[in-house]
Amino acid sequence: MSPIREPTVVGIANFNAAEDAATLRGAMKGFGTDEQTIIDILTSRSNVQRQAISQAFTHEYGRDIIEDLKSELGGHFEDVIIALMLPPAEYLCRELNNCMEGLGTDEQVLVEILCTRTKPEIAEIVDTYERLYNRPLAEHMCSETSGDFRRLLTLIVTGARDEEAGVDGARAVEAAQQLYDAGEAKWGTDEEIFNKILAHESFAQLRLIFEEYKNISGRTIEQAIKAEIDGELKDALSAIVECVENSAAWFATRLRAAMQGLGTDDRTLIRIVVSRSELDLGAVKREYERLYDKTLESEVRGETSGDYKRALVALLGPA
């Protein structure tokens, strides 16, 4: 949602997939594994380049590089490397599937992946999910969620957002008034209006609506959502609002939560670092330091160790 494109991984010039495949094969063959070489290559290549390495590896050696990496690596280091080797949409689909399978659903992961992406990104995830799991994402999600939260996510994954309409000041005033009337101005809250506007309008239009809301109410839309709505729906709507205004700051707060408290939420840490590395991880790093007066790198170093730490720090790019 953020207009800021600040990747920390951009790939390399003069890229040679066959050469990288041969170096990686050498790093995994024989006695012991050269983890540093694996880190050096895979954290500095773009995902498109990694896919080319994967194809070259199969072509040259008749082997699946992901299977070879899995047999040589372990723990969270393996998780980072496999996340890097998967096409981005496929990786996110695996994360979505994992958060819904088994006992209970991790709604925070649904919010993080589905409420923070653009319409084209969602469309690719929806297509990939059905190809991978032979069932529509919307159907799986509906079986795992309920109420207004389910309705909001369904609107998002069915592509309700209108990113072609352009920005319209008069419509923004009207939508802001509807939000005010549906929440702060009445007893009880009409969640359906919040869902409809926040799932349908483009991010540029939402930015304008939120400015108009403040003119009408004297409070920000975030304050209204936190006062009027609770549970998963509050988290989902807040994520949309915060990402419209500053997605890098939203991801910074999510990273902070993953590293605070008892133990580290490694899955979330890996997912955000890997999935934002070619988008806006540079901006996320800057927001992290602004918000917490600590560098993201220093926090990651404190919460991780060994090859896992080296791989994440490499993806974060220069300090």
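Predicted model: local features only at pLDDT ≥ 70, side-chain atom pairs only at ≥ 80, totals over all residues.

Trainee: Okay, how many helices and strands does the protein have?

Mentor: There are 19 helices and zero strands. Both are DSSP runs, numbered from the N terminus: helices are H or I with at least four residues, strands are E with at least two. The radius of gyration is 21 Å, close to the 20 Å that the globule rule gives for 319 residues, so the protein is as compact as a globular protein of that length. That radius is taken over C-alpha atoms, and the rule is 2.2 Å times the number of residues to the power 0.38.

Trainee: And what does the C-alpha trace span along its principal axes?

Mentor: About 70 × 45 × 40 Å.

Trainee: What share of the residues count as buried?

Mentor: 48% of the 319 residues. Buried means under 20% relative accessible area, exposed over 50%, and partly exposed in between (1.4 Å probe, protein chains only).

Trainee: New topic: where is serine 46 found?

Mentor: Serine 46 sits in the loop between helix 2 (35-42) and helix 3 (47-61).

Trainee: Is serine 46 buried or exposed?

Mentor: Buried, as its relative accessible area is 10%.

Trainee: Which residues is serine 46 in contact with, leaving aside neighbours within four places in sequence?

Mentor: Serine 46 is in contact with Val9, Val10, Gly11 and Glu278. Contact means heavy atoms within 4.5 Å.

Trainee: How many aromatic pairs does the structure hold?

Mentor: Five. One of them joins tryptophan 250 and phenylalanine 251 edge-to-face, with 5.1 Å centre to centre and 85° between the planes. Rings of Phe, Tyr and Trp (its six-membered ring) pair if their centres lie within 6.5 Å; planes under 30 degrees apart count as stacked, over 60 as edge-to-face and the rest as tilted.

Trainee: Is phenylalanine 251 buried or exposed?

Mentor: Phenylalanine 251 is buried, at 0% relative accessible area. Tryptophan 250 counts as buried too, at 10%.

Trainee: Last one: how many residues of helix 16 are buried?

Mentor: Ten of the eleven residues in helix 16 (residues 266-276) are buried, so this helix is mostly covered. Among them are Asp266, Arg271 and Arg276.

Definitions and conventions: Residues numbered from 1 in each chain as written. Heavy atoms only, no water.
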